[in-house]
Amino acid sequence: MEEIKAPMPRRVKLALITSLAVNVLVIGAVAGAMIKGGERPPKGYSDRSGSSVAIGIYGHALEKADRRAVGALMRADRKAQRREIRAELGALAAKASDLLVQTPFDKQAFANVLLEQQHVIKGSADAMQTALVEHIAAMSPERRAAYAQRLNDALEKGARRRKSDRK
């Protein structure tokens with residue numbers, strides 16, 4: 001005899017749809033945080049490109065005019081690729097969404113989608129670092145020495161701050 005399966009109750013369907021929506025929101029939030037960066041820059045630091053995480057303390061040690069120049073290089077590069085990156089991240093999120101509702105859940109396929117997403121995001125960070133390197137390479141030896149001093153000052157300030165946090 002054939003076994004007749006009862007239709008899935010409506011509340012189970014709603015629970016699955018809600019779970020899927022929450023998972024997609026979490027993935028989007030994680031991707032957004034990775035793109036934007038989770039750290040707040042120090043007071044008075046202006047980085048309109050949102051790239052302080054990718055270049056970190058090296059960006060913080062730049063003079064204001066240099067930060068703006070590096071930011072302009074990054075924005076120009078990013079502007080050309082922005083649509084492509086968004087489309088690729090959107091496609092990956094859709095792929096993740098499809099994987100989330102499959103039974104059985106393919107853990108490895110889902111991990112691979114997240115890994116692909118990281119590679120897309122890392123490509124943006126690499127472009128930011130390249131812009132910083134190019135700008136610093138164009139500096140005169142005197143300006144690079146002054147930059148190195150500001151970098152050392154920032155490192156010392158961070159070390160002092162960490163020591164005071166431990167007390």
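pLDDT is the predictor's confidence in each residue, from 0 to 100. Helices here are DSSP runs of H or I with at least four residues, strands are E runs of at least two, and both are numbered from the N terminus.

This is a predicted model, in which local features need pLDDT of at least 70, side-chain atom pairs count only at pLDDT 80 or more, and totals for chains, interfaces and linings use all residues. Residues are numbered from 1 along each chain as its sequence is written, and side-chain values use heavy atoms, without hydrogens and water.

The chain mean is 77. Of its residues, 77% reach 70 or more. Over residues 41-53, pLDDT stays under 50. Where pLDDT is low, the predicted coordinates should not be read in detail.

The protein chain has 5 helices and 0 strands. From the N terminus on, the order is α-α-α-α-α.

Of the 167 residues, 23% count as buried. Buried means under 20% relative accessible area, exposed means over 50%, and partly exposed lies in between (1.4 Å probe, protein chains only). Val12 lies in helix H1 (residues 10-36). Val12 counts as partly exposed because its relative accessibility is 34%.

Among contacts (heavy atoms within 4.5 Å) in the protein chain between residues at least 6 apart in sequence, 64% join residues at least 24 apart.
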